[in-house]
Amino acid sequence: MPAPIRLRELIRTIRTARTQAEEREMIQKECAAIRSSFREEDNTYRCRNVAKLLYMHMLGYPAHFGQLECLKLIASQKFTDKRIGYLGAMLLLDERQDVHLLMTNCIKNDLNHSTQYVQGLALCTLGCMGSSEMCRDLAGEVEKLLKTSNSYLRKKAALCAVHVIRKVPELMEMFLPATKNLLSEKNHGVLHTSVVLLTEMCERSPDMLSHFRKLVPQLVRILKNLIMSGYSPEHDVSGISDPFLQVRILRLLRILGKGDDDSSEAMNDILAQVATNTETSKNVGNAILYETVLTIMDIKSESGLRVLAINILGRFLLNNDKNIRYVALTSLLKTVQTDHNAVQRHRSTIVDCLKDLDVSIKRRAMELSFALVNGNNIRGMMKELLYFLDSCDPDFKADCASGIFLAAEKYAPSKRWHIDTIMRVLTTAGSYVRDDSVPNLIQLITNSVEMHAYTVQRLYKALLDDISQQPLVQVASWCIGEYGDLLVSGQCEEEEPIQVSEDEVLDVLEGLLVSNLSTPVTRGYSLTAIMKLSTRFSSLNRIKKVVSIYGSSIDVELQQRAVEYNALFKKYDHMRPALLERMPIMEKTIFSGDGIFTVCLWSVFPVLQANDLLDLLGGNDVVPIIQTTVPTKPASAGGELLDLLGDLSLTVIPPMTAYNKNGLIIEFTFERSNPNPNIAVITIHATNSTEADMTEFVFQAAVPKVCSFPSCILINLLFMSWCIGT
Amino acid sequence: MIKAILIFNNHGKPRLIRFYQYFAEDMQQQIIRETFHLVSKRDDNVCNFLEGGSLIGGSDYKLIYRHYATLYFVFCVDSSESELGILDLIQVFVETLDKCFENVCELDLIFHMDKVHYILQEVVMGGMVLETNMNEIVAQVELQNRMEKSEVNQVI
């Protein structure tokens, strides 16, 4: 049997392959050779074969048959074998395979090996892919190595300990004694990994956090030495002494100082020093400054220091380096909630970043801009954001549009401005707005009564230009259907009224119905709009004709609508005006935390379980009505519903006061419906006996599942009587 | 924590892949393809940070990459790592490779994949930064290579 080819030979061969198929063939051939070599238990060349297997694994070919071979290599005495064996274990094995547990004993032996590099390999493997069982077994060994004086092993043991803690958090206590003098090490590698270990422990356990707070002075001292020590060639990176360690320490200080006055006090000076003395011409200096700023913002620092930090971020924003600008925007986003005013000062720079070419920076700037919008700057900011919406990538448009809608809703200075802004968004990014924006917009337009004429006119003009953006078309057709009479009569106060005839309007709406660009939903909107115009326009014949044509449309939804409208014309013409009259103002249910009185309605149906309903509503000032004394009949299989109603007909329930608190009185009255005694009518009277107005009154009716058929319960909400009654 | 380290060339061919979190084999290849797709689209004058792709997933992940001649070095990290710090780390790693291979080029990485892994092992362990001192790393790698050579052995 000839010796298996060397790794580099294999690589060379594979590189000559001109097609994917050729490469696959070569690899399969080699895999077959490797497999037979494994079967022959060839000890000499096993390392070579596994190395080749790892290469093929990187290219994406299956290599699982080498897993056991890796274990054999680990058990070998040769360093070469161990090295490639451990690498193979880390790349091919993980805790999901049962074989990995076989490694435990090998690793244990290697952790006690005489050669430090073998110990290092074992620590590395355990720290990368050790499962919880392995960690539990070997934690003691790791803890021993954490106390050794060999810095090479000590730093690896520290990171291995981090992995152990992640896998088995209960073992954290075990490593506590070993951490005692970790920070007095001189070796920077050990210091670095020790800080990582301490950080992990502090993040996981509040007890550890308070325990380690006493280390703050020591950390501050180490940091000071790093800054003041002058040039040290071994740790120097671009003129700064061990920036990685500085950053790590700053991060740990951040965790220790958060929420704690004393620790924050102790770090104030050193933070100010780092912030003012760090050289910013190279990336390393900026990395340290960035970390310092984040630390200052997180701990309880004095206000002067905070202002310094935000100004540093502001300087970062003006930096030519894109990376710096990116991290500055990211950190400003984090701090905008807490230090809003300070960040506002940099608003113009942030808005300029919207025009940057870099996609990542643009996204960050957009998020930050939305966070900075308030009542004072809404007009200016909106101009910038709309301009941004025009020119940004399609990926952004949906988020930007939603953000603009939200901001406009919160801070709109006037209704006209609000509607103009929405129109602008619909016309520039119409196809990217979210689906729920159409009903929201319709509701907004309905509520701005004085703007109806202006709105419908603008929407009509927009439709004339472009019918491809569905949300815009839907809103427009809805509005034309509602306010077509205003459009035709030319009564617009805000703008120059346009001359439009009924036929022109119907042309546009019919155009939408036949256009290929319209989705079925849009077609539904326009058909309904045409129908509504039958009560507002005089050209009835044309509308009747359109409606009857669509009675045979292929689209089932359209067909149904057309047939029903046809029926309206033919048999129910007397109802048509009432059905198609103007929509009333729709109240949006705004769920604010306070001020919701939820009244639970379930006493009439004694079969219910009280608790289920209360669970449904989540109990915000829920006032359950006390059960009445209606006797329960055993539930019969089919006619449960009738039985329930049947109960009611047996007794008459007296009226009751369900709620009487803070001036709000809610009364229930029960009676049988007159034509049909099987129907119970429950009337709820809510009375406001105070002199002030009660706002945000939300009516929620909880209905048991049994009674969810519409035939069973008709809730007739008479708003008017609520508003007038005092 | 560093979730993954990927090195691939301008055509997307992987030169080194190291995942510090479990992913199935086909998932790994998919991640490489997706990362290459995201990173190769970038201009040279934009920032080196990308929000992670959907596969390596979650909102906490970022791709931090550097483009050196024909190779992309991509580190996929979560929010516990400093972005600028990782950029410096990539630089340290590349300079270490340069010292170990004497003017490193793509071919060195191609033919000595195992050696690159060993060097990386001295820099990052279990997804965390182990050592950042270039000379220290090079010295340790050198000693281990010498140990390998001293054994009477078949060369890999």
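I began with the contact between the two chains (heavy atoms within 4.5 Å), which takes 63 residues from chain B and 70 residues from chain A. The model is predicted, so I noted that local features need pLDDT of at least 70 and side-chain atom pairs pLDDT 80 or more, while totals for chains, interfaces and linings use all residues. Residues are numbered from 1 along each chain as its sequence is written, chains are lettered from A in the order in which they are written, and side-chain values use heavy atoms, without hydrogens and water.

I looked up the buried area (accessible area, 1.4 Å probe, lost by two parts on being put together, summed over both). Between chain B and chain A it is about 6,200 Å², with 58% from carbon and sulfur atoms. On the chain B side, B:L84, B:M125 and B:I156 lose the most area to chain A, together 12% of what that side buries.

I then checked salt bridges (a side-chain nitrogen of Lys or Arg within 4 Å of a carboxyl oxygen of Asp or Glu). The count between the chains is 6. A:R248 forms a salt bridge with B:E81, with the closest N and O atoms 3.3 Å apart.
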